[in-house]
Amino acid sequence: MESFFSFILYPVSAILWFWHKVFGAVLGPDNGFAWALSVFFLVFSLRVVLLKPAISQLRAGRKMAKFAPQIQKLREKYKNDRQRMAQEMQKLQSEHGVNPLGGCLPALLQIPVFLSLFHVLRNFTPGAQSNFIFDRAGVESFINASIFGAKLSNWITQPEAELALFGTDRTSMMVVGIPLMLVASVATFFTMRLSVKKQTDAAMANPQSAMMAKFMMYIAPVGAIISGWFLPIAVLLYWLANNVWTLGQQHFLTKKIDREQEREKAKEIEAKKAAPRPKPGQKPVRAEAKNDEEDAEPAAATTGGTTQSGGAKQAGGTNGQRPGTRPGGKKNRPGKQAASAKKGKKRR
């Protein structure tokens with residue numbers, strides 16, 4: 001493991017060394033709270049580095065929420081052809097500029113950091129000459145540091161002989177470890193609860209997704225309590241700091257993305273208001289209809305000329321009168337003439 005994670009073991013131990021120098025200068029190099037604060041700020045330093053991927057993750061999630069109905073349609077349409085469904089979904093994601101792996105990046109980057117910190121803390125053993133960046137004095141300082149009698153590199157279920165070798169006992173480890181486990185569990189619960197609350201309705205509409213989200217919301221805090229019995233106190237401090245940071249980061253970034261979306265909606269509304277609208281009572285003219293009218297104008301002009309010419313000839317043949325009209329411009333009405341003829345016969 002040391003050779004595999006060597007590219008990150010030294011940076012992690014270097015950050016821990018730097019913050020210990022800062023807090024050790026104020027509280028003392030062997031002070032347990034100085035080492036605890038060093039672990040806390042190690043977490044904060046790493047999470048600041050991962051802040052930009054976290055923002056990208058949240059934005060990608062919001063973008064995917066917009067075309068979630070389209071994804072559902074693709075699943076229903078290609079439910080019997082998984083290869084075609086994967087191709088269409090990948091095409092849809094590329095059109096919207098969403099990378100599904102971007103959402104997993106912050107979590108994936110934290111795994112090697114967690115394993116590296118665990119490995120660094122396990123190497124703080126009595127008699128060790130060095131521990132990556134730390135020299136012998138740094139190793140002894142960590143071993144001598146304690147919080148209310150609990151050593152940072154030990155865990156509750158460790159054998160009594162090993163605990164005695166570090167100068168502590170199980171009771172002292174439980175007095176410090178159990179409250180840390182409970183606080184870390186509560187922080188994990190609220191972090192998972194906020195994550196579930198911020199999920200979209202489209203995601204929660206899937207019964208399996210909703211069930212899995214609620215299951216993880218309750219099982220993750222239980223996992224924090226169970227695993228806390230087998231993890232060093234310093235790792236519990238890391239877990240607590242990580243969950244507290246995640247809880248605050250989710251609240252802050254959610255507010256930030258909400259404001260960004262509100263500004264985008266306001267711009268869209270202003271763009272719609274600024275767009276030209278037809279006058280009251282005027283029908284909107286489409287571009288195609290307008291082009292058809294322009295094409296029809298020359299044909300209408302040609303047809304009109306022919307009609308006028310023919311009309312002139314006809315007018316010439318009837319002395320300028322329309323067919324079926326009497327002199328003086330009055331129209332001939334056959335029905336009325338027949339009625340007048342019948343009345344004349346009766347009078348006779």
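So, salt bridges: a search of the whole structure turns up two of them. Keep in mind, please, that this is a predicted model.

Let's take R136 and E140. Their side chains meet in a salt bridge, at 3.1 Å from N to O. Why do these two sit about one helical turn apart? Well, R136 and E140 are four residues apart in helix α7, which covers residues 136–144, so about one helical turn separates them.

R170 forms a salt bridge with E160, and here the closest N and O atoms are 3.4 Å apart. This pair links distant parts of the chain: R170 belongs to helix α9, E160 belongs to helix α8 (residues 160–165), and they are 10 residues apart. R170 is partly exposed, with a relative accessible area of 24%. E160, at 42% relative accessibility, is also counted as partly exposed.

Next, the surface. Which residues make the nonpolar patch of about 670 Å²? They are M212, F215, M216, I219, V222, I226 and F230. Let's pick I219 from that group. I219 lies in helix α11, residues 207–227, and at 36% relative accessibility I219 counts as partly exposed.

Finally, let's go inside. How many cavities of 30 Å³ or more are there? The count comes to one, and the largest cavity has a volume of about 40 Å³. Its lining is made of V43, L46, R47, L50, Q110, V113, Y238 and N242. The elements that give two or more residues to that lining are α2 (32–49), α6 (105–122) and α12 (233–274). Of these, α2 gives the most, with three residues. If you sort the lining by type, you get five nonpolar residues, two polar and one charged.

How values were computed. Residues are numbered from 1 along each chain as its sequence is written. This is a predicted model: local features need pLDDT of at least 70, side-chain atom pairs count only at pLDDT 80 or more; totals for chains, interfaces and linings use all residues. Side-chain values use heavy atoms; hydrogens and water are left out. On a 1 Å grid over the protein atoms alone, a cavity is a set of points where a 1.4 Å probe fits but cannot get out, and a pocket is an open set with protein on both sides within 12 Å along at least five of seven lines; lining residues have an atom within 4 Å of a point. Grid points are joined across faces, edges and corners, and a volume is the space filled by probe spheres set on the points. Ala, Val, Leu, Ile, Met, Phe, Trp, Tyr, Cys and Pro count as nonpolar, Asp, Glu, Lys and Arg as charged, and the others, Gly among them, as polar. Patches are made of residues with over 30% relative accessible area and no salt bridge: like charges are joined within 9 Å, nonpolar side chains (Val, Leu, Ile, Met, Phe, Trp, Tyr) within 5 Å. Accessible areas come from the Shrake-Rupley method with a 1.4 Å probe; for residues, only the protein chains shown count as cover. A salt bridge is a side-chain nitrogen of Lys or Arg within 4 Å of a carboxyl oxygen of Asp or Glu. Buried means under 20% relative accessible area, exposed over 50%, partly exposed in between (1.4 Å probe, protein chains only).
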